[in-house]
Amino acid sequence: MANILILYSTTDGHTLEICQKLMAINEQAHNQVSLVDLKEVEKIDPRTFDKIVIGASIRYGKHCPRVTEFIKRNQKVLESKPNAFFSVNVVARKPEKSTPETNPYLQKFLRKLAWHPKNLAVFAGKIDYPSYGFLDRQMIRFIMWMTHGPTHREAVVDFTDWNKVDDFGRLIVKM
Ligand SMILES: Cc1cc2nc3c(=O)[nH]c(=O)nc-3n(C[C@H](O)[C@H](O)[C@H](O)COP(=O)(O)O)c2cc1C
């Protein structure tokens with residue numbers, strides 16, 4: 001049995017939903033999983049876990065600065081254990097931008113870090129226009145219009161390939 005830490009950064013809860021799926025798969029494999037918001041990371045000691053997974057969504061081109069801060073502060077701990085990182089963004093709905101090697105946000109993020117995660121994934125996120133404030137909704141609708149995505153103001157579209165999430169969950173069991 002491994003003691004696994006899954007850290008996440010989310011704005012609208014979709015990355016958390018992905019983490020909950022990863023958690024369920026790892027618990028079914030008889031591991032102990034702690035799911036922790038990066039906002040509350042001070043409450044835990046990453047050194048006490050056997051494996052560490054970090055997941056974060058993209059908002060206006062960037063992951064939350066908390067993600068980079070945690071990684072920089074804990075690089076040695078991360079490197080001493082099996083580890084993984086995944087990014088959630090809607091650009092990844094495009095097949096040609098859906099892998100760690102081809103997703104521009106993940107690539108840019110990794111270039112800024114000295115940490116090389118041992119395992120990587122990219123998941124397409126969710127669009128939920130009714131839940132956004134006016135400005136965010138208009139901005140995302142405009143970006144979607146430019147990139148041939150859904151623009152209807154009531155549209156709710158989950159682009160996540162949940163089979164891919166399952167595969168990543170199983171990879172965490174084995175890593
Ligand atoms: C205000 C806002 C800005 C976003 N900016 C981007 C972006 O720049 N690039 C992108 O690919 N996706 C962008 N997204 C899509 C999110 O990454 C996607 O909705 C994801 O599922 C959000 O995950 P979360 O709920 O865990 O924060 C944006 C979404 C919102 C609401």
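Reader: Is Lys43 buried, partly exposed or exposed?

Author: Buried means under 20% relative accessible area, exposed over 50%, and partly exposed in between (1.4 Å probe, protein chains only). Lys43 counts as exposed, because its relative accessibility is 65%. Please note that this is a predicted model, in which local features need pLDDT of at least 70, side-chain atom pairs count only at pLDDT 80 or more, and totals for chains, interfaces and linings use all residues. Residues are numbered from 1 along each chain as its sequence is written, and side-chain values use heavy atoms, with hydrogens and water left out.

Reader: Which residue meets Lys43 in a salt bridge?

Author: A salt bridge is a side-chain nitrogen of Lys or Arg within 4 Å of a carboxyl oxygen of Asp or Glu. The partner of Lys43 is Glu40, at 3.4 Å from N to O. Glu40 counts as partly exposed, because its relative accessibility is 40%.

Reader: How many salt bridges does the structure hold, and which parts does the pair of Glu42 and Arg73 tie together?

Author: There are seven salt bridges in the structure. One of them joins the side chains of Glu42 and Arg73 (3.5 Å, N to O). Glu42 lies in the loop between strand S2 (32–37) and strand S3 (51–57) and Arg73 in helix H2, so this pair ties together parts that are 31 residues apart in sequence. Helices (H or I, at least four residues) and strands (E, at least two) are DSSP runs, numbered from the N terminus. Both Glu42 and Arg73 are exposed. Salt bridges that share partners also join Asp12, Arg59 and Asp136 into one network.

Reader: Which residues meet where H1 and H6 are in contact?

Author: Contact means heavy atoms within 4.5 Å. Among the residues that meet are Lys21, Leu22 and Ile25 in H1, and Val165, Asp166 and Phe168 in H6.

Reader: How far apart are the closest N and O atoms of Asp166 and Lys21?

Author: Asp166 forms a salt bridge with Lys21, and these atoms are 3.5 Å apart. The pair links distant parts of the chain, with Asp166 in helix H6 and Lys21 in helix H1, 145 residues apart. Asp166 is buried, at a relative accessible area of 18%, whereas Lys21 is partly exposed, at 33%.

Reader: What is the phi of His30, and where does His148 lie?

Author: Most residues other than glycine have a negative phi, and most peptide bonds are trans. His30, although not a glycine, has a positive phi of about 65°. His30 lies in the loop between H1 and S2 and counts as exposed at 63% relative accessibility. His148 also has a positive phi, of about 60°, and is not a glycine. His148 is found in the loop between helix H5 (134–146) and strand S7 (156–158), and counts as exposed at 73% relative accessibility.
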